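Subject: Handover of a structure, with findings

Dear colleague,

Please find the structure below for your records. The findings follow directly after it.

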Amino acid sequence: PHAPDGDAAIRSTDNDAALARLSAVQKHYLPDPYIRFFVPRAHLQPARPPLINVGTYVRSVAIDALVESFMGSADGSPVQIVSLGAGSDTRFWRIAAGEHAGRLAKYIEVDFPENTTKKAMAIKKNKDLAALVGEAKLVNGGMGLQSAMYHLLPADLRRPPAEALAALTSDIMSPSLPTLLLFECVLVYMTPAASSGLIQWFVDRFSAPDAAPLGGIVYEMFGLNDSFGTVMMSNLRVRNVTLPGAEPYPTVASLPARFAQHGFQHVGALTLKDIRQRYVEADELQRISQLEMLDEIEELELVLAHYAITWGVRTSGAPSPTWAGW
Ligand code: SAM
């Protein structure tokens, strides 16, 4: 049912994500010493427009803040992070080299085999990446990689989760560790049924009375049916990416249902526009406003209003007071 060239277009959205991050790093919006190792000829890549750099900045600091607060909330016990559609994301290395490294028990990344193969090779080739991963072996004929803490798994997340994620045995993903699921710009490429099947599969693994809390963070575009959303959609079509089905959560108010419908107790969502206006500290806003000329604040806000971060946390026993997202 999935045209192979359609899948190639979906996989290559990771190149856009990595180039956007590289650009924001090179323009000093964000510190990230690792992203260039995942982009061939990184020093020759053109910068993205200021509006994209600001968007990448807001998205990145917002997700970092939520991940950090989850890691800090688990009563001192180490946490497990599972990133679905991880692409070239560098979060594992940034955490492993950072002050919260001791709070990380496992970090699991899943993507299409073509993308995990490339990532596994990049890790093996680069000593800075390899050092933080620790002693590691290639698995699945080079499509995956495993170390004590870091796991890279090839899978098509549209397949039934019991098949796609069969490799996530309790050796790799333990239901007794507080666990955070990251869906950064990935659910939009799946049908609503496949997305909720995936979330429910994890919920089922964390449903025993003594299971640890399960948290989730989704970053996505929404509101694609209004006039500006239509423009954003046509940009995707130009790049051959077709989105499956009708938009399940067309407004920011509807987004928390992504988690609430699976029994998550604390849920919420904020647009990047609101996050930039209300949660990015004034001195940071001041700093990034001086990096590049951005004359169209209205256009920036229109774009940022179409992206949101949604979160939820679910405990199978008594509702947890530990992490309420924002
Ligand atoms: N999460 C990364 C980030 O935010 O930088 C990458 C985002 S990129 C836009 C989307 C990623 O999701 C790509 O790496 C793509 O291959 C992956 N992806 C999309 N659909 C997938 C599927 N059905 N199975 C596995 N990976 C998928």
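How many salt bridges does the count come to? By the rule that a side-chain nitrogen of Lys or Arg lies within 4 Å of a carboxyl oxygen of Asp or Glu, the count comes to 18 salt bridges.

Please note that this is a predicted model, in which local features need pLDDT of at least 70 and side-chain atom pairs count only at pLDDT 80 or more, whereas totals for chains, interfaces and linings use all residues. Residues are numbered from 1 along each chain as its sequence is written, and side-chain values use heavy atoms, with hydrogens and water left out.

Salt bridges

A network of salt bridges links R21, D32, R59, D64, D89, R91, R94 and E184. Within it, D64 pairs with R91, with 2.7 Å between the closest N and O atoms. This pair joins distant parts of the chain, 27 residues apart: D64 belongs to helix α2 (residues 50–73) and R91 to helix α3 (residues 91–96). Helices here are DSSP runs of H or I with at least four residues, and strands are runs of E with at least two, numbered from the N terminus.

R91 has a relative accessibility of 2% and therefore counts as buried, the term for under 20% relative accessible area, with exposed meaning over 50% and partly exposed in between (1.4 Å probe, protein chains only). D64, at 22%, is partly exposed. R91 also forms a salt bridge with D89, the closest N and O atoms being 3.4 Å apart; both D89 and R91 are buried.

A further salt bridge connects E301 with R276, at 3.6 Å between the closest N and O atoms. Here too distant parts of the chain are linked, E301 lying in helix α12 and R276 in helix α10 (residues 272–278), 25 residues apart. R276 is buried, with a relative accessible area of 15%.

Surface charge

D295, E296, E298 and E299 form a patch of negative charge on the surface. Patch residues have over 30% relative accessible area and no salt bridge, and like charges are joined within 9 Å. E299 is part of helix α12 (residues 297–304) and, at 36% relative accessibility, counts as partly exposed.

Surroundings of F112

F112 sits in the loop between β2 (104–111) and α4 (113–125) and is buried, at 13% relative accessibility. Leaving aside residues up to four places away in sequence, F112 touches I10, R11, A155, D156 and R158, where contact means heavy atoms within 4.5 Å. F112 and R11 are 101 residues apart in sequence, yet their C-alpha atoms are 7.2 Å apart in space.

Yours sincerely,
A colleague

Definitions and conventions: Patches are made of residues with over 30% relative accessible area and no salt bridge: like charges are joined within 9 Å, nonpolar side chains (Val, Leu, Ile, Met, Phe, Trp, Tyr) within 5 Å. Accessible areas come from the Shrake-Rupley method with a 1.4 Å probe; for residues, only the protein chains shown count as cover. Lys and Arg count as positive and Asp and Glu as negative; His and the chain ends are not counted. The place of a charge is taken as NZ of Lys, CZ of Arg, CG of Asp or CD of Glu.
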